[in-house]
Amino acid sequence: MATGQAPGNPIPAMRTYPPVEHPVVVIGAQYLAQYPVELAVNDFKVSDINGTLVFQVQIKLSSINRRFLKDAAGNTLVNLRKKIMTMHQRWEAFRGESKEENDLIFTAKKSKQSQSKTEVDVFLGNNKGEVPDFKVKEGYSKSSRSVLLRDSNTMIAQVHGGHTLAIMPNVDYAFIVALVVVILEGIKADDHREGAALKDINGVK
């Protein structure tokens, strides 16, 4: 039986994304790597491909609306606060354990443009406009997401299977961890609560 590809048969196209032209620094330049970074998330611990602990995510029982991204030594890099009483779910990320406005790193909120999928707009602290600096888009499944630079097709990170992060070279991987692991998990939890509330309203058990 003949094997191999028939002469002249077209090869399936591969989706490509333009490379990152300039380093993407949000939390700190020390979190840039010249190579692709792959991280695994498991039980609030973030490890590299060798299993070495890189980051930790902490949720304090006394404040369920705050999350803390810590380095391997336990130092707080970012604290994230859920804004209460907003039309769209919104999280704010502050440097260290600060709550001061001048320490605001970024704000993430569910996009107004997308109703069917989880799409998040991310604004840096000094962005007071309407155009986000980054976008997080859900893939074909709820466990896959892409982080894009502004409203472009320049992808800077992907989430696979809900727990593996693939981060492009020269992209602040601490920022990606804070955004994907902390922000989106919080929004997903909110979605579950909203769904349960709707079931209660409609009398569904």
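Guide: Two strands are said to pair if DSSP finds at least two bridges between them. Strands themselves are DSSP runs of E with at least two residues, helices are runs of H or I with at least four residues, and both are numbered from the N terminus. The model is a predicted one, in which local features need pLDDT of at least 70 and side-chain atom pairs count only at pLDDT 80 or more, while totals for chains, interfaces and linings use all residues. Residues are numbered from 1 along each chain as its sequence is written, and side-chain values use heavy atoms, with hydrogens and water left out.

Strand β5 (residues 76-82) runs antiparallel to strand β6 (residues 90-95), and five bridges join them. Within this pairing, Val 78 has Arg 95 of β6 as its bridge partner. Strand β6 also pairs in the antiparallel sense with strand β7 (residues 104-110), again over five bridges. There, the bridge partner of Phe 94 is Leu 104 in β7.

Next comes the core. A nonpolar core is a set of buried Ala, Val, Leu, Ile, Met, Phe, Trp, Tyr and Cys residues joined through side-chain atoms within 4.5 Å; buried means under 20% relative accessible area, exposed over 50%, and partly exposed in between, with a 1.4 Å probe and protein chains only. The largest such core has 41 residues, of which Phe 55, Phe 106, Val 122, Ile 167, Phe 175 and Ile 176 touch the most other members. Helix α1 (residues 173-202) supplies the largest share of this core, with eight residues.

Rings of Phe, Tyr and Trp (its six-membered ring) pair if their centres lie within 6.5 Å, with planes under 30 degrees apart counted as stacked, over 60 as edge-to-face and the rest as tilted. Tyr 31 is buried because its relative accessible area is 12%, and Tyr 173 is buried because its value is 16%. Tyr 173 also pairs with Phe 55 in a tilted arrangement, at 6.0 Å centre to centre and 55° between the planes. Phe 55 belongs to strand β3 (residues 53-59) and Tyr 173 to helix α1, 118 residues apart.

Finally, the charged contacts. A salt bridge requires a side-chain nitrogen of Lys or Arg within 4 Å of a carboxyl oxygen of Asp or Glu, and two are counted by this rule. Glu 119 bridges to Lys 135 with the closest N and O atoms 3.3 Å apart; Glu 119 is in strand β8 (residues 119-124) and Lys 135 in strand β9 (residues 134-138), 16 residues apart. Asp 121 bridges to Lys 135 with a closest N and O separation of 2.4 Å, joining β8 to β9 across 14 residues. Asp 121 counts as buried because its relative accessibility is 9%, as does Lys 135 because its value is 7%. Glu 119 is buried as well, and the salt bridges link Glu 119, Asp 121 and Lys 135 in a network.
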